[in-house]
Number of protein chains: 2
Amino acid sequence: MRAVCVIGLGLIGGSVLRAAVTAGRPAWGATVSKADATAARDDGYSVEDTTEDALRRAEAEDALVVIATPLTALREVLRQIAWHAPGARLTDVVSVKDPVCSEVRELLPDARYAGGHPMAGTSESGWHAGSATLFANAAWAVTLEDDTPLEAWREAAGLALDCGAQVTPVSPAEHDAAVARISHLPHLFAAVLSAVGADGGPLALSLAAGSFFDGTRVAGTAPELVLAMTEGNRVALLDAVDDALGRLGAARGSLASTGSLKSTADAGYAARVSLTDLHDARRGSTTVRLGTPNARSRLRTLGSQGGRVVALTETEAKVQSPRQPN
Amino acid sequence: MRAVCVIGLGLIGGSVLRAAVTAGRPAWGATVSKADATAARDDGYSVEDTTEDALRRAEAEDALVVIATPLTALREVLRQIAWHAPGARLTDVVSVKDPVCSEVRELLPDARYAGGHPMAGTSESGWHAGSATLFANAAWAVTLEDDTPLEAWREAAGLALDCGAQVTPVSPAEHDAAVARISHLPHLFAAVLSAVGADGGPLALSLAAGSFFDGTRVAGTAPELVLAMTEGNRVALLDAVDDALGRLGAARGSLASTGSLKSTADAGYAARVSLTDLHDARRGSTTVRLGTPNARSRLRTLGSQGGRVVALTETEAKVQSPRQPN
């Protein structure tokens, strides 16, 4: 089994290291956080003294390198990889994909790279917040461009499956547009809702119950993590925010003029039903042969239809879809 | 113990009936829903054939009547009470208070009334969704105006405590302003977020995880219930929506111009910390004598500071506050 070298041992990186070891892979990590390094070693995991040491070992053992640092630290890590392991097998778990793919293309043109983004987390952070089961049944986006080596995609997707996740094949731009709507906008909404509620003073906060606690939960995430995600996906997030402002403004206008919120409530209800339907039922299943010329576009199409890769061999990917694929 | 007559046996009314019986009170209900009536009887509860029968029994047994119908059915129920039990002991569990208090004042000037609103629920509805423990440790607003008979307030608050809740004394207008922010706006945000996410297609919905599921949960509430709540609190909700549009617009402007969401994320985080602090720690405790001239204003002041009544005798209310009361 392919060895795994994880750079960054916070919530996500720490969980990848644990899950890789649980899956039986040789795996080690490195982190600039002394606290995370000590905690990981205390838990019995292999942590190299420096990122350089970890990368040299990855080069020697032909390991898959996983970048699990914040976006802000990406360029520095890529420069270190360029020096110590320029042709590395490489993936990442950063929450935006287009900026990461561009930087990898620029700084590591010879890397065998496919980007990744596991859709799992908590509002806590650091090694202690992680677990080997964090990714169980989660979606894990793995980027697939026309020039992505299928072998690199297979390595990244294989790690995701070993971590218990299911793989969504997707282009970097489509990924960033989607997560703007279902991850970054929710963080922004939670922050705004939280502040508007607190503006109501202790009375409002004391009366707050399920709807407010749920709607503001991710506002409890460390602000620097929220900023790294949201600011890093500026263009796509602006699109999503504009859609939200449009819908909220229309609701405001309707409530003020006719007193009705019917179209807003109906649209929200229908959308929520679509969400639960899509997650509850994965009926169709199809197999994509990885050796064929149209394998990349076929996988991306299935991903865009909500399909997820649930099994992978050297030559084939099995994709489950919300409905029977066309 | 005071008998309880519950008009309307959906999620909230059905839970009040169960909780009142669990507390050892004589209690019966009535509902225009044949399905809810049958289900409640099958579970062993006393359900009169008609609202009139239930109200006549309330008059005969000097019971506390609890209106647990949607706001849209309120006037009809009040007319029936005016006919069969015009001086009734009366409360309600409708989610807005100023409109209800006004109608009671108009149609039932002799009722011994204090309005109520338990801050608990699920996205399900009907008798089957309820339980005797729905209100455990929840806040339950009970309205207190300068001319509210303290005896009526004590009856409504006593029922709330018997149901396992804690009582927030509050004026109808302050209640409506607060719940606009922490209940009605969250429902509107959930609907908008849900629709903006679904606009991203099956790819976005497939990648959706915790932040989106939590932020859209209450969009799964039956739209007619959402409309009854939100449209019934139009003026206060418009205020809250305008604040939200202002904050979201400011975030949009900052992201587009400087690329920063720092002030939005920081404000949201600080507000969420205030929320959890206020709910985790109730340190101070004070006693209000109900016989004194300033009892009403003292109780409302403590409520506005986040205080909750946790025990009640004929003459005293014990109030727990987030901090030592001034």
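I counted 6 salt bridges between chain B and chain A, a salt bridge being a side-chain nitrogen of Lys or Arg within 4 Å of a carboxyl oxygen of Asp or Glu. The model is predicted, so I note its limits: local features need pLDDT of at least 70, side-chain atom pairs count only at pLDDT 80 or more, and totals for chains, interfaces and linings use all residues. Residues are numbered from 1 along each chain as its sequence is written, chains are lettered from A and ligands numbered from 1 in the order in which they are written, and side-chain values use heavy atoms, with hydrogens and water left out.

**Interface**

I looked up one of the salt bridges: R247(A) and D199(B) meet through their side chains at 3.1 Å, N to O. Helix α7 of chain B (residues 172-198) gives the largest share of the side of chain B that touches chain A, 20 residues. I took helices as DSSP runs of H or I with at least four residues and strands as runs of E with at least two, numbered from the N terminus. By class, that side of chain B holds 49 nonpolar, 28 polar and 16 charged residues. Here Ala, Val, Leu, Ile, Met, Phe, Trp, Tyr, Cys and Pro count as nonpolar, Asp, Glu, Lys and Arg as charged, and the others, Gly among them, as polar.

I then noted the extent of the contact (heavy atoms within 4.5 Å): 93 residues come from chain B and 93 residues from chain A. The two chains bury about 8,000 Å² between them, 73% of it on carbon and sulfur atoms. Buried area is the accessible area (1.4 Å probe) that two parts lose on being put together, summed over both.

**Sheet of chain B**

I found an open sheet of 5 strands in chain B, ordered β2-β1-β3-β4-β5 with parallel pairing; strands pair if DSSP finds at least two bridges between them. β2 (27-30) and β5 (112-113) of chain B each have a single partner strand, so one side of each is left without a neighbour in the sheet. Strand β4(B) (residues 89-92) runs parallel to β5(B), joined by 2 bridges. R89(B) stands opposite R112(B) in β5(B). Helix α6 of chain B (residues 150-162) lies across β1, β3 (64-67), β4 and β5, at about 70° to β3(B). Axes are lines fitted to C-alpha atoms, for helices over the stretch in contact, and angles run from 0 to 180 degrees between N-to-C directions.

**Sheet of chain A**

In chain A I recorded an open sheet of 5 strands, in the order β2-β1-β3-β4-β5 with parallel pairing. L90(A) has Y113(A) in β5(A) as its bridge partner. Helix α1 of chain A (residues 11-22) lies across β1 (4-7) and β2, at about 165° to β2(A).
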